[in-house]
Amino acid sequence: MSQISRRHFLTRTALAGAALSLPARVFSQSAGANSDIRVAIVGFKGRGQDHIKNYLGLKGVRIVALCDVDSEVLDKGVAQLAAKNQVVTPYKDIRKLLDSQEVDAISIATPNHWHSLGAIWGCQAGKDVYVEKPVSHNVWEGRQLVNAADKYQRIVQMGVQSRSATGLADVLGWLEKEKPLGKLKWVRGLCYKRRPSIGLVTGDQPIPETLDYDLWSGPAPLVPPQRTKIHYDWHWIWNYGNGDLGNQGIHQMDIARRFLGEAALSPKVWSIGGRLGYKDDGETPNSQIVFHDYEAAPLIFEVRGLPDKAESKEMDKYRGASVGVVAQYENGYVVAPDYQNAAVFDNQDKLIRRFGNPPGVKDMVESNPIPASEKKVADPEANNHYANFIKAVRSRKVADLNGKIIDGHISSALCHTGNISYRLGKTASPDEMREKLKDDADALDSLNRLATHLEANGIDLNVEKLTMGEILKMDPKTEKFIKNAAADKQLTREYRAPYIVPAKV
């Protein structure tokens, strides 16, 4: 690492970014049914390692290229594959990669602010695309990605792995077919996941010599980092990430939406939250409630990054789940604590049925074995989201995708609109918030449980206050807010040339 002056840093990186532009050639190739699918991994310091592992395990798939803006990460990746007798071409810049006719598909695991732009450029270059969650950094660019996939007839898979989980599909299918519990009253997504302080710095932080920071920043403003860890901790900075709502929470948001069966954004949304319990360089809330007021039933989402109480290593649970989904019906409820297992109860908490072996529920196997007629023959690729992507690449049928990009867009956008409400809000006392929510028992329940949780962590909400977000009304067809210019402004961002999501894809 070396310390770079702010003026020199901004001048150097701006000139470097201006030297390159979008790939000049646009291809439209389709991989043959019997030929290898040639894949390039884009971004692999973190989540991308899972991409590498899974593609290496798929027959008829070859990783032919790696792309990363950090030369140290890139060199290690090339050596990692060379040790497995895999020869790959290294790229620092995704635009150079997309010029290659030796690549059929790209698999994107960059930070969030690059997801939509990288995927749109991939579609324009004639590549099929697997893009990690959330598929966008804001609502508008996610819709542009949907438009690009449609226009260029590309196969685009969103990286929410639960879409390929047979266990979750089983419980949802059973509920749809049998309708055993009556009308849905509400569904709660849970992201109770420990997120400690990322630390507090006093100024601009040094940038590793190996990192092309202009490329890393891409569409975001070119500003020196204000955090110790440049890489993972971008999740908690608004320029690049979407907080845990859009990090871990997007998985459970998508599952919750599947219980509802909703295919559009909610007509009304509000959020409460705050970054409480420590002072650090993070900007996004570590404690949050998002309320999507669908007409049929509300989707309520809860984020907790602090433990169940001060000095504890345990996390809160809600009906047995910490990172999961709970759906309450008239005659019972379903707890889905992961992607493969679920438990169904009546309103007296008596087990009705189980799917798999959901953790946290005692004696499930003995008391409620799966009938032999429902047991399935194990399929090694049945729950493999990457295998599903490759299947669709071969068939050229969007219908074969488990995680269609339109679903990725809607579920990601539900996270974004919740964050928009929060960011437009003002701090309020617990009594002030309770007064606003007094006519909604489900919302009040979430607030009261959050207040109890924070109190257990030594937080006085009359001193360290939560933010009460604006109540926003939206037109789901246009994906714009109703008579709220400030909220509409946050549906997109000011893009930094040349990393601009095109208005016409």
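Predicted model: local features only at pLDDT ≥ 70, side-chain atom pairs only at ≥ 80, totals over all residues.
Let me begin with a pair of helices. Helix H7, residues 166-178, and helix H10, residues 249-260, have axes that come within 10 Å and cross at roughly 20°. The two helices H7 and H10 are therefore roughly parallel to each other, the limit for that term being an angle under 35 degrees. H7 passes H10 in a right-handed crossing. On the H7 side, the contact is made by Leu-168, Ala-169, Leu-172 and Leu-175. On the H10 side, Ile-255, Arg-258 and Phe-259 take part. As a general point, an α-helix has 3.6 residues a turn, so residues three or four places apart point the same way.

Now to the overall figures. The protein has 505 residues, and buried residues make up 57% of them. Its secondary structure comes to 16 helices and 18 strands. Of the contacts between residues at least 6 apart in sequence, 71% join residues at least 24 apart. The protein exposes about 21900 Å², and carbon and sulfur atoms supply 51% of that area.

The axes of H6 and helix H13, residues 405-423, come within 9 Å and cross at roughly 175°. That angle makes H6 roughly antiparallel to H13. Which residues of H6 meet H13? They are Val-139, Gly-142, Arg-143, Leu-145, Val-146 and Ala-149. Their partners in H13 are Ile-405, Ile-406, His-409, Ile-410, Ala-413, His-416 and Thr-417.

Next, helix H12. Eight of the 11 residues of H12, residues 385-395, are buried, so this helix is largely enclosed by the rest of the structure. The buried residues are His-385, Tyr-386, Ala-387, Asn-388, Phe-389, Ile-390, Ala-392 and Val-393. What do these residues of H12 pack against? The strands are S1 (37-42), S2 (61-67), S4 (105-108), S5 and S6 (156-159), and helix H2 (48-56) is also part of the surroundings.

Leu-245 has a relative accessible area of 1% and is buried, because buried means under 20%. Leaving aside neighbours within four places in sequence, Leu-245 is in contact with Ile-250, Met-253, Gln-288, Val-290, Phe-301, Val-303, Cys-415 and Asn-419. Leu-245 and Pro-134 are 111 residues apart in sequence, and their C-alpha atoms are 9.7 Å apart in space.

Cys-415, one of the contacts of Leu-245, brings us to the cysteines. How many disulfides does the structure hold? The number is zero. For Cys-415, the closest cysteine sulfur is that of Cys-191, at 9.7 Å, which is too far for a bond; the cut-off for a disulfide is 2.5 Å between the sulfur atoms. Cys-415 counts as buried, at 0% relative accessibility. Cys-67 counts as buried too, at 3% relative accessibility.

Finally, the backbone. Most residues other than glycine have a negative phi, and most peptide bonds are trans.

Two concern the peptide bond. A cis peptide bond joins Lys-133 and Pro-134, with omega at about -20°. Pro-134 is in the loop between strand S5 (128-132) and helix H6 (139-151). The bond from Ala-497 to Pro-498 is cis as well, with omega near 5°. Pro-498 lies in the segment after helix H16 (485-489).

The other two concern phi. Asn-85 has phi near 60°, a positive value in a residue other than glycine. Its place is in the loop between helix H3 (71-82) and strand S3 (89-91). Is Asn-85 buried or exposed? At 72% relative accessibility, Asn-85 counts as exposed, because the threshold for that class is over 50%. Arg-319 has a positive phi, near 55°. Arg-319 is found in the loop between strand S10 (299-304) and strand S11 (323-329). At 35% relative accessibility, Arg-319 counts as partly exposed.

To return to the opening theme, two packed helices are described by the angle between their axes and the distance between the axes. For H7 and H10, those values are roughly 20° and within 10 Å; for H6 and H13, they are roughly 175° and within 9 Å. Thank you.

Methods
Residues numbered from 1 in each chain as written. Heavy atoms only, no water. Buried < 20%, exposed > 50% of the residue type's maximum accessible area, 1.4 Å probe, protein only. Helix = DSSP H or I, 4+ residues; strand = E, 2+ residues; numbered from the N terminus. Contact = heavy atoms within 4.5 Å. Areas by Shrake-Rupley, 256 points an atom, 1.4 Å probe, with all protein chains shown as cover. Axes fitted to C-alpha atoms, helices over the stretch in contact; angles between N-to-C directions. Parallel < 35°, antiparallel > 145°, perpendicular 65-115°, else oblique. Left-handed = near helix turned anticlockwise from the far one by under 90°.
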